[in-house]
Amino acid sequence: MLDQTSGYNKFKPILKASALAGGVAAVLFSAGAPLTVPEALADPVYVEAPKVPGFADVVEAVSPAVVSVVVESNVQPVAQNDGFGFGFGGRGFDNLPDDHPLKRFFKDFGAPMEPQQPPKPRGGGPRPVAQGSGFFVSGDGYLVTNNHVVREGDSFSVLMDDGTEYDAKLVGTDPRTDLAVLKVDADRDFTYVNFADDSKLRVGDWVVAVGNPFGLGGTVTSGIVSALGRDIASGPYDDYIQVDAAVNHGNSGGPTFDLNGEVVGINTAIFSPSGGNVGIAFAIPSHLAQDVVNDLIDDGAVERGWLGVRIQPVTEDIADAIGLAKPEGAMISEPTSDSPGAEAGLRQGDVITAVNGEVIEDARSLSRMIGMMEPGDNVELSVWRDGKSQTVDVTLGAFPTEDQLAAAEGMSAPAESSLMTRMGIEVVPSDDGKGVTVTVVNPDSDAAQKGLAEGQKILSVNNKEVGSAQDILDQVEEAANNGRKQALFQVETENGSMFTALPTGSENEDAG
């Protein structure tokens with residue numbers, strides 16, 4: 001038989017110690033004393049990242065040279081008087097037919113049908129009309145921006161990255177390249193940047209864009225060069241650098257830098273179906289910008305060489321028809337009377353294949369090459385005529401004003417050139433005074449795909465009668481400004497009148 005007493009005595013010290021510990025714990029708990037228990041905590045996560053080159057040094061160096069450009073105008077906006085904040089082709093609801101469902105709807109629900117009085121205009125002071133970006137190219141205050149940023153302005157100011165604001169004056173503009181120069185006069189030296197040699201620029205190179213998107217002020221984005229030599233049908237000298245850095249409205253006129261802090265391009269347009277950044281932006285290359293900027297600073301204007309011929313692309317069919325080995329060069333559709341080209345003997349149907357020995361790839365490359373030359377320059381043209389090549393020497397003239405061209409040709413040649421660029425067609429006023437007759441159709445254009453052909457007449461665009469190339473451009477531009485991607489063309493063909501829609505090009509938007 002086991003001795004239970006001896007067993008209890010054996011464990012008595014242990015139980016006593018346990019009871020004592022429990023009592024102490026109870027006392028501590030009841031007294032509210034904190035009980036600290038040491039914990040074994042691991043160190044926080046930290047990874048030694050590889051040293052990757054960044055853009056901070058470049059941004060720190062160039063940011064003082066980049067400014068926000070604020071543009072104001074003395075012209076007051078015209079108030080709408082249709083009683084609503086929107087319209088339908090310029091008509092108010094009161095002008096809709098009586099059986100129109102929208103008119104019945106608003107009449108039934110008591111909406112005002114008569115035009116309301118326009119609101120009283122605001123004070124006569126300047127009002128902001130645009131905001132973009134720019135950058136200094138000299139220590140004494142010359143800065144570059146886009147023409148489309150300043151074109152509606154009467155007064156200008158620039159906001160520095162440190163918040164300082166200065167008034168600026170307009171030195172000169174060049175709409176054909178969308179460039180403008182402003183001047184700030186101040187008792188200080190400005191940080192400025194240089195143009196890079198963009199001939200060394202390659203697809204895939206890193207670039208940094210600095211500007212004023214949506215009026216936010218100094219904003220930096222980065223990306224790579226996506227493509228070179230892009231033609232976005234914005235003018236005769238298209239030669240854009242495409243980048244994938246985030247560029248938005250307000251970045252217009254701002255610089256795109258290489259990693260040396262030199263300007264490789266000037267942001268001017270974005271491709272955007274939605275109006276926001278989709279990673280496709282276009283910058284004017286520095287080699288083109290530098291020459292234009294220097295001319296604007298020196299003379300306030302740009303003088304370009306002028307050949308004085310209308311040109312069109314050489315298609316495969318045309319090349320085959322005239323015996324050219326491949327479709328390259330620029331075909332003369334018509335020499336302008338009394339122009340340098342006409343006086344040198346250039347004829348309709350000639351194909352210019354080289355200038356001073358440099359091959360002309362297409363019509364646009366001829367425009368760019370001649371436009372980069374000076375009035376008075378002597379050039380040697382290689383011309384394909386009557387199945388063989390020959391040489392024609394021409395002394396370039398000065399590019400005439402639009403008024404001079406209109407007087408010489410009965411219409412505006414720049415409008416013709418812009419129409420060919422934008423819509424792929426050339427036109428002349430019709431003999432019967434109704435509409436315009438199509439004289440040239442670019443076979444690669446949307447116009448050709450929609451069935452437009454030489455000899456057809458365009459009677460109206462967006463239901464507005466047209467009598468010149470400028471009339472067509474005005475209607476297309478108005479449609480684009482209203483957010484429409486297509487313009488309605490009424491065309492008279494051999495089989496009668498038809499309607500067709502052509503793109504307005506509204507998806508290629510100004511970046512600012």
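A word on conventions: residues are numbered from 1 along each chain as its sequence is written, and side-chain values use heavy atoms, leaving out hydrogens and water. As the model is predicted, local features need pLDDT of at least 70 and side-chain atom pairs count only at pLDDT 80 or more, while totals for chains, interfaces and linings use all residues.

Let's begin with the rings. Searching the whole structure gives five aromatic pairs; rings of Phe, Tyr and Trp (its six-membered ring) pair if their centres lie within 6.5 Å. Phe136, Tyr166 and Phe190 are joined by ring pairs into a cluster. Over at Tyr142, the charged end of Lys183 sits over the ring, 5.2 Å from its centre; that term asks for NZ of Lys or CZ of Arg within 6 Å of the ring centre and within 35 degrees of the ring normal.

Now the aspartates. Asp178 has a positive phi, near 60°, and Asp386 has one of about 55°; neither is a glycine. Asp178 is in the loop between strand 5 (165–174) and strand 6 (179–183), with strands being DSSP runs of E, at least two residues, numbered from the N terminus. Asp386 is in the loop between strand 18 (378–385) and strand 19 (388–395).

So which of buried or exposed describes Asp178? Asp178 counts as buried because its relative accessibility is 12%, whereas Asp386, at 67%, counts as exposed. Buried means under 20% relative accessible area and exposed over 50%, with a 1.4 Å probe and protein chains only.

Last stop: Ser382, in strand 18, is buried at 18%. Leaving aside residues up to four places away in sequence, Ser382 touches Val351, Ile352, Thr353, Ala354 and Gln390, where contact means heavy atoms within 4.5 Å.

Methods
Phe/Tyr/Trp six-rings, centres within 6.5 Å; stacked < 30°, edge-to-face > 60°. Helix = DSSP H or I, 4+ residues; strand = E, 2+ residues; numbered from the N terminus.
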